[in-house]
Amino acid sequence: KPRLTDVVPASGVSEAELLAVAIAIEQGSDHPLAAAVVRDGRTRLGDTPAPNAEAIESITGKGVQGRIGGQIVQIGKPGLFQDSASPLSEEMSRAADNLERDGRTVMIVRRGANDLGALGLMDTERGAARPVLQRLRQLGVQSMIMLTGDNQRVADAIATKVGLTEARGGLMPEDKVAAIKQLAGHKGGVAMVGDGVNDAPALANASVGIAMGAAGSDIALETADIALMADDLNHLPFAVGLSRQTTRIIRQNLWVSLGVVAVLIPSTLFGLKIGAAIIFHEGSTLVVVVNALRLLAYKAPAPAQSQAETSADAPIAMRGTQA
């Protein structure tokens, strides 16, 4: 869960002004970074009121914009302003570089053509992240990759903390789709875990799309194959393990059913009474049912003390905020 750690106003701009403008725009967004700016910004701002903002809209994969007092205000990653008519000032470019070097996610606040300042946010991993990844390894999932719009240095820092195999940063929604398509060629396919609107295309292209139900957007829930109806990563190993156990039991039951039929047909031809054949056939049906009922007792493995790796299997890609 991200938190606001750095507020760097531009020359001639106060910290209170920068935060007030940022809060006014970000409170109209449902992005986790926006929630962190509003929550922590209000704590820093105290009783100072934020201005009214209108016409707030998302800039896909880059930021958000709105109007305050008739002026356009944009908040987003530094790349949002690279191709604009007014690129970032040298002061803001330096501030962004310094924050990124410290492992911060950087957001630039601009009003009209003037840079108001930079905000630095730090992602704090969920307490469940590391044990969940460990349990996935126990289930045989070796490749766990984070796909995020954050810069690569931030992505690498989080990946190291939680034990991800790889982190790919600076991705737009279409880049996530390309990454999923590339990973889908892996033996066993690829599962994608996500929750936002920007994740929906990647979820649709994954072999299995998994949406976080409680925190997920409606479009992510509709697109995904599986919805975990709680904002709790601990359900992920359970879903993976239960799915695999279900597949194993289906195969077992299929072989039992076909095996009994393969034995009974020639047996009846060579003298087995029809009554006995029916008893054997119905008995095999009971075996199949009892075997399937074992799924009711399934429990996902608890985190092992050992960090020993298991055999490689299909990769799982996680959106940045999920980690």
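Guide: Look for the side chain of Arg168, which makes a polar contact with the side chain of Gln182 at 3.2 Å. A polar contact is a pair of N or O atoms within 3.5 Å; within protein, one must be able to donate a hydrogen and the other to accept it, and residues adjacent in sequence count only if both atoms are side-chain atoms. Before we go on: this is a predicted model, where local features need pLDDT of at least 70 and side-chain atom pairs count only at pLDDT 80 or more, while totals for chains, interfaces and linings use all residues. Residues are numbered from 1 along each chain as its sequence is written, and side-chain values use heavy atoms, with hydrogens and water left out.

Visitor: Got it. Where is Arg168 found?
Guide: In strand E8, residues 166–168. Helices (H or I, at least four residues) and strands (E, at least two) are DSSP runs, numbered from the N terminus.

Visitor: And which residues is Arg168 in contact with, leaving aside neighbours within four places in sequence?
Guide: Ile145, Met146, Leu147, Thr148, Gln152, Ala179, Gln182 and Leu183. Contact means heavy atoms within 4.5 Å.

Visitor: What forms a salt bridge with Arg168?
Guide: Glu166 does, with the closest N and O atoms 2.8 Å apart. For a salt bridge, a side-chain nitrogen of Lys or Arg has to be within 4 Å of a carboxyl oxygen of Asp or Glu. Glu166 counts as partly exposed, at 32% relative accessibility. Buried means under 20% relative accessible area, exposed over 50%, and partly exposed in between (1.4 Å probe, protein chains only).

Visitor: How many salt bridges does a search of the whole structure find?
Guide: Nine. One of them joins Asp6 and Arg104, whose closest N and O atoms are 2.7 Å apart. That pair links distant parts of the chain, since Asp6 sits in strand E1 and Arg104 in the loop between H3 and E5, 98 residues apart.

Visitor: Is Arg104 buried or exposed?
Guide: Buried, with a relative accessible area of 17%.

Visitor: Let's go inside. Which residues of the largest nonpolar core touch the most other members?
Guide: Ile75, Ile108, Val109 and Leu119, out of 37 residues in that core. The elements giving two or more residues to it include strand E1 (2–9), helix H1 (15–26) and strand E6 (114–123). H1 gives the largest share, eight residues. By nonpolar core I mean a set of buried Ala, Val, Leu, Ile, Met, Phe, Trp, Tyr and Cys residues joined through side-chain atoms within 4.5 Å.

Visitor: What does Ile108 touch?
Guide: Not counting residues up to four places away in sequence, its partners include Ile75, Phe81, Leu88 and Met92. There's also a second, separate core of 27 residues, with Ala129, Val162, Met212 and Ala239 among them.

Visitor: Which residues form a nonpolar patch on the surface?
Guide: Val261, Ile265, Leu269 and Phe270, with about 470 Å² of accessible area together. Accessible areas come from the Shrake-Rupley method with a 1.4 Å probe; for residues, only the protein chains shown count as cover. Patches are made of residues with over 30% relative accessible area and no salt bridge: like charges are joined within 9 Å, nonpolar side chains (Val, Leu, Ile, Met, Phe, Trp, Tyr) within 5 Å.

Visitor: Where is Val261?
Guide: In helix H9, residues 235–269. Val261 is partly exposed, with a relative accessible area of 35%.

Visitor: What about the phi of Ala55?
Guide: Phi is near 55° there, a positive value in a residue other than glycine. Ala55 is in strand E2, residues 54–59, and is partly exposed at 41% relative accessible area.

Visitor: Last one: where is Ile226?
Guide: In strand E11, residues 226–228. The C-alpha atoms of Ile226 and Ile210 are separated by 4.7 Å, though the two are 16 residues apart along the chain.
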